[in-house]
Amino acid sequence: MRLPDIGFRLRQARNDLGLTQAQLARAAGVSRTTLNQLENGLIGDLGVQRLRAILAEVGLALTLVPDSVAPDS
């Protein structure tokens with residue numbers, strides 16, 4: 001899955017929980033600008049730890065699967 005796809009899923013989860021970008025960013029320890037760029041597919045680079053922290057706040061997680069079964073391989 002690419003970062004723009006993750007950002008789209010993240011926005012859905014955030015909205016489902018009724019959180020603003022500012023609330024989620026504060027809870028995950030990132031800037032609202034970073035979160036906005038991630039949700040809009042505009043972020044160039046985001047460390048795995050930061051991404052995991054953001055996703056954890058909305059109940060999502062990264063999962064590794066063999067490339068042969070990855071949906072977007």
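This is a predicted model: local features need pLDDT of at least 70, side-chain atom pairs count only at pLDDT 80 or more; totals for chains, interfaces and linings use all residues.
**Exercise 1. Thr-34**

*Solution.* 
Step 1: Find the element. Thr-34 sits in helix H3, which spans residues 32-39.
Step 2: Apply the cut-off. Buried means under 20% relative accessible area.

**Exercise 2. Partners of Thr-34**

Which side chains make polar contacts with the side chain of Thr-34, and which residues beyond four places in sequence does Thr-34 contact?

*Solution.* 
Step 1: Start with Ser-31. Its side chain and that of Thr-34 are joined by a polar contact of 2.9 Å.
Step 2: Go to Arg-50. The side chains of Thr-34 and Arg-50 make a polar contact at 3.4 Å.
Step 3: Leave out neighbours within four places in sequence. Thr-34 is then in contact with Ile-43, Leu-46 and Arg-50.
Step 4: Check the spacing to Leu-46. Thr-34 and Leu-46 are 12 residues apart in sequence, and their C-alpha atoms are 8.6 Å apart.

**Exercise 3. Thr-33**

Where does Thr-33 lie, and how far is Thr-33 from Gln-21 in space?

*Solution.* 
Step 1: Locate the residue. Thr-33 belongs to helix H3.
Step 2: Classify the surface. The relative accessible area of Thr-33 is 46%.
Step 3: Read the distance. Thr-33 and Gln-21 are separated by 12 residues in sequence and by 8.8 Å in space, C-alpha to C-alpha.

**Exercise 4. H1 against H3**

Describe how helix H1 (residues 3-16) and H3 cross, and name the residues that meet.

*Solution.* 
Step 1: Take the geometry. The axes of H1 and H3 come within 7 Å and cross at roughly 110 degrees.
Step 2: Assign the class. Angles of 65 to 115 degrees count as roughly perpendicular. H1 and H3 are therefore roughly perpendicular to each other.
Step 3: List the contact. From H1 come Leu-3, Gly-7, Phe-8, Leu-10, Arg-11 and Arg-14; from H3 come Leu-35, Leu-38 and Glu-39.
Step 4: Sort by class. The H1 contact with H3 has five nonpolar, one polar and three charged residues.

**Exercise 5. Arg-14**

*Solution.* 
Step 1: Check accessibility. Arg-14 has a relative accessible area of 8%, so Arg-14 is buried.
Step 2: Find the polar partner. The side chain of Glu-39 makes a polar contact with that of Arg-14, at 2.6 Å.
Step 3: Widen to contacts, skipping residues up to four places away in sequence. Arg-14 touches Leu-19, Thr-20, Gln-21, Leu-24, Leu-35, Glu-39 and Val-58.

**Exercise 6. H2 against H4**

At what angle do helix H2 (residues 21-28) and helix H4 (residues 48-57) pack, and which residues meet?

*Solution.* 
Step 1: Take the geometry. H2 and H4 pack at about 120 degrees, with axes 9 Å apart.
Step 2: Assign the class. This angle makes H2 oblique to H4.
Step 3: The crossing of H2 past H4 is right-handed.
Step 4: List the contact. Leu-24, Ala-27 and Ala-28 of H2 meet Ala-53, Ile-54 and Glu-57 of H4. By class, this contact has five nonpolar, no polar and one charged residues.

Terms used: Residues are numbered from 1 along each chain as its sequence is written. Side-chain values use heavy atoms; hydrogens and water are left out. Helices (H or I, at least four residues) and strands (E, at least two) are DSSP runs, numbered from the N terminus. A polar contact is a pair of N or O atoms within 3.5 Å; within protein, one must be able to donate a hydrogen and the other to accept it, and residues adjacent in sequence count only if both atoms are side-chain atoms. Contact means heavy atoms within 4.5 Å. Axes are lines fitted to C-alpha atoms, for helices over the stretch in contact, and angles run from 0 to 180 degrees between N-to-C directions. Angles under 35 degrees count as roughly parallel, over 145 as roughly antiparallel, 65 to 115 as roughly perpendicular and the rest as oblique. Ala, Val, Leu, Ile, Met, Phe, Trp, Tyr, Cys and Pro count as nonpolar, Asp, Glu, Lys and Arg as charged, and the others, Gly among them, as polar. A crossing is left-handed if the near helix is turned anticlockwise from the far one by less than a right angle, and right-handed if clockwise. Buried means under 20% relative accessible area, exposed over 50%, partly exposed in between (1.4 Å probe, protein chains only).
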